[in-house]
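Hi,

Here is the structure I said I would pass on. Have a look, and my notes on the contact between the chains follow below.

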Amino acid sequence: MVAVTPETGQESGLGADLGAQLAAAFDAAVAADERVEPRDWMPEAYRASLVRQMAQHAHSEIIGMQPEANWITRAPSLRRKAILMAKVQDEAGHGLYLYSAAETLGTGRDELLDKLHSGKQKYSSIFNYPTLTWADVGAIGWLVDGAAITNQVPICRCSYGPYARAMVRICKEESFHQRQGFELLMALSKGTEAQHAMAQDAVDRWWWPSLMMFGPPDDESAHSAQSMAWRIKRHSNDELRQRFVDIAVPQAEALGLTLPDPDLKWNEERGHHDFGAIDWAEFWDVLKGNGPCNDQRIGQRRRAHEEGAWVREAAAAYAEKHSAHHAVQNTATNEEAGV
Amino acid sequence: MNAALALGDDALVLSHRLGEWAGHAPVLEEEVALANIALDLLGQARVLLSLAGDEDELAYLREERAFRNLQLVEQPNGDFAHTIVRQLYFSVYQHLLYERLAAGDGAFAPLAAKAVKEVAYHRDHAEQWVLRLGDGTEESHRRTQAGLDALWRFTGEMFQPVEGLDEPGSGVDREELRTTWLTAVTETVERATLNLPTGPQSGGWAAGAGRQGLHTEPFGRMIAEMQHLHRSHPGASW
């Protein structure tokens with residue numbers, strides 16, 4: 001990225017034309033696939049759009065811990081329990097990377113969490129569905145993480161450097177989770193009749209919500225065009241959704257499971273799978289807060305935060321006491337040394 | 001292999017309790033830290049239980065009276081201070097024990113040598129939090145002191161001999177372990193401006209019979225949850 005910082009802009013005396021010239025330089029740099037870095041000038045709307053998207057992404061990692069953590073204490077083997085614990089731990093880590101990346105845009109983690117807790121910022125609608133059986137853990141790994149990866153791999157080339165770099169790290173771990181989810185479902189599908197039925201039931205319940213993860217259809221997506229122009233996004237919602245369906249169909253066959261869509265079939269002419277209509281009324285309803293678990297998810301998140309307030313206050317008080325103590329000691333040492 | 005069960009069950013049960021924190025921690029960094037400690041312990045449990053038999057059979061198909069863990073590790077999480085005090089009491093013990101086992105030439109030396117690095121981290125994590133909470137705010141001080149008092153009665157059990165572990169050459173001398181543990185815990189607790197229980201409250205010092213399969217009431221409910229799915233599908237693979 002060209003080093004167009006406000007300082008260099010002012011030094012070179014661009015005056016009244018500064019704004020227009022910065023905007024032109026920004027557009028040219030983005031068009032040339034250069035990376036925007038935190039100190040570079042950027043349009044306020046670009047900054048706001050990134051904060052919105054990155055915060056929503058971070059929140060999704062944090063809320064997304066809940067449906068899976070729901071099964072940690074009931075995991076049916078120690079190996080599966082270890083895998084699941086590691087995965088939920090990774091998600092907390094992804095949340096941390098993403099909040100840090102968002103902070104490079106001048107916002108703070110506390111502020112973002114407040115917006116999550118007050119409902120001003122959203123998280124992925126998928127996490128408002130409940131995990132009712134052990135097989136749901138596998139379906140989430142295979143389908144939900146699969147959809148997330150399809151969405152996120154292109155973000156590794158996003159125009160904003162810190163977001164792109166966070167995604168490189170996150171996608172590596174997500175791919176691993178997805179393979180584990182697939183393998184979990186495979187064990188169930190090839191297991192007893194009851195296990196196979198459990199796997200099929202989970203896939204039946206998670207398939208459509210996973211397709212909704214790509215967002216509204218292109219003609220109803222408010223942010224898509226601008227995000228694509230800024231190279232925050234690389235592909236449209238519908239393109240990514242189609243890509244995901246094309247990947248998932250042969251995987252379902254390999255698993256010996258069916259997908260709950262009578263209209264799903266290969267279209268030779270398009271070279272893609274056709275699939276049935278998504279229930280967009282349900283999508284918008286869940287997004288508005290009326291899904292099966294919206295209140296439960298946000299309620300648990302708020303409770304953890306409120307019940308943890310005294311712990312955070314204690315850590316802050318301790319740090320203050322001891323850094324003050326430290327500073328006094330340093331001053332004394334410096335005085336002794338005649339500094 | 002009574003000793004492998006005793007050590008393995010300690011790690012398994014504490015790991016399970018820490019797993020209950022997922023999604024409920026006071027700060028994101030602690031989501032990572034608590035899960036990380038839980039995973040280390042689960043890894044230790046798997047190795048130890050495998051020395052005694054099949055890890056899943058032992059974890060999922062034994063009844064309450066056959067578990068050999070300390071009563072301390074099965075105690076419910078309570079608030080964050082309660083969990084941290086449980087971690088302090090146990091991880092200092094486990095660290096000292098594993099250091100000694102690693103230095104000895106008993107059957108557990110190789111395992112202890114590997115685990116001691118993890119446990120040193122757990123101990124550091126617990127000690128740092130006891131300092132922050134004890135010397136933080138009035139509320140955090142009060143809650144941490146309450147945790148120290150409530151869990152104290154479960155600490156005596158750690159210093160009862162375990163068959164197959166306290167053998168000549170194993171490196172473990174329970175009386176020495178007890179003294180060293182008490183010195184280390186006292187030092188941290190005092191630096192944190194807190195007090196270890198004394199007087200009548202310390203009468204519970206020798207209480208507890210988890211090693212004999214006698215547990216506290218919350219434990220039955222904990223393993224009911226842990227074992228339910230596995231037991232519902234006899235013979236299935238996962």
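Putting chain A and chain B together buries about 3900 Å², and carbon and sulfur atoms give 67% of that area. Keep in mind that this is a predicted model. In terms of residues, 44 from chain A are in contact with 47 from chain B.

On the polar side, there are 16 residue pairs in polar contact between chain A and chain B, counting pairs with both residues at pLDDT 80 or more. As for where chain A makes its contribution, the elements that give two or more residues to the side touching chain B are H4 (65-69), H5 (78-103), H8 (161-189), H9 (193-212), H13 (294-307) and H14 (309-336), which are helices of chain A. H5(A) gives the most, with 13 residues. By residue type, that side of chain A splits into 27 nonpolar, nine polar and eight charged.

The rule also finds two salt bridges across the interface of chain A and chain B. One of them pairs the side chains of Lys321(A) and Asp135(B), at 3.0 Å from N to O.

One residue I'd look at on screen is Thr73(A), which sits in the loop between H4 and H5 of chain A. Thr73(A) has a relative accessible area of 8%, so it counts as buried, the cut-off being under 20%. Its side chain makes a polar contact of 2.3 Å with the side chain of Glu225(B). Beyond its neighbours within four places in sequence, Thr73(A) is in contact with Glu225(B), Met226(B), His16(B) and Glu20(B).

Cheers

Terms used
Residues numbered from 1 in each chain as written. Chains lettered and ligands numbered in written order. Predicted model: local features only at pLDDT ≥ 70, side-chain atom pairs only at ≥ 80, totals over all residues. Heavy atoms only, no water. Contact = heavy atoms within 4.5 Å. Buried area = accessible area lost by both parts, 1.4 Å probe. Salt bridge = Lys/Arg side-chain N within 4 Å of Asp/Glu carboxyl O. Polar contact = N/O pair within 3.5 Å; in protein donor to acceptor, adjacent residues only side chain to side chain. Helix = DSSP H or I, 4+ residues; strand = E, 2+ residues; numbered from the N terminus. Nonpolar A, V, L, I, M, F, W, Y, C, P; charged D, E, K, R; others polar. Buried < 20%, exposed > 50% of the residue type's maximum accessible area, 1.4 Å probe, protein only.
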